[in-house]
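User: Got a model up here. Can you walk me through it?
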Amino acid sequence: MVCPKCGSENVVVTVEQTSAKTKGKGMGCLWSMCRMFLIICTCGLWLLVGKRKSKEKTKFKNQTVGICQSCGNKFEIKQ
């Protein structure tokens, strides 16, 4: 592995996280309306019952980069 900037062979290859996206799915309008109805009918006692947790998935994108130890140049390694 050779640095494209200075030509040195003192290069370290690492994997770097470039981005992350989280997709979530809410409970929906019907669940919210039913919950509000139960809160009103029980004079607020339904507030003691916790909300449901929504389902979320996170996707990460990684990139292989090389870092020159001589000049500090950081460059992408294409596979």
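Analyst: One term to begin with: a polar contact is a pair of N or O atoms within 3.5 Å; within protein, one must be able to donate a hydrogen and the other to accept it, and residues adjacent in sequence count only if both atoms are side-chain atoms. This is a predicted model, where local features need pLDDT of at least 70, side-chain atom pairs count only at pLDDT 80 or more, and totals for chains, interfaces and linings use all residues. Residues are numbered from 1 along each chain as its sequence is written, and side-chain values use heavy atoms, with hydrogens and water left out.

User: OK. Which side chain does Ser 8 make a polar contact with?
Analyst: That of Ser 70, at 3.1 Å.

User: Is Ser 8 buried or exposed?
Analyst: Ser 8 counts as buried because its relative accessibility is 16%. Buried means under 20% relative accessible area, exposed over 50%, partly exposed in between (1.4 Å probe, protein chains only).

User: What else does Ser 8 touch?
Analyst: Leaving out residues up to four places away in sequence, Ser 8 touches Met 1, Val 2, Cys 3, Cys 68 and Ser 70. Contact means heavy atoms within 4.5 Å.

User: Switching topic. How much of the chain is buried?
Analyst: 14% of its 79 residues.

User: And what box do the C-alpha atoms fill?
Analyst: Roughly 75 × 20 × 15 Å, along the principal axes.
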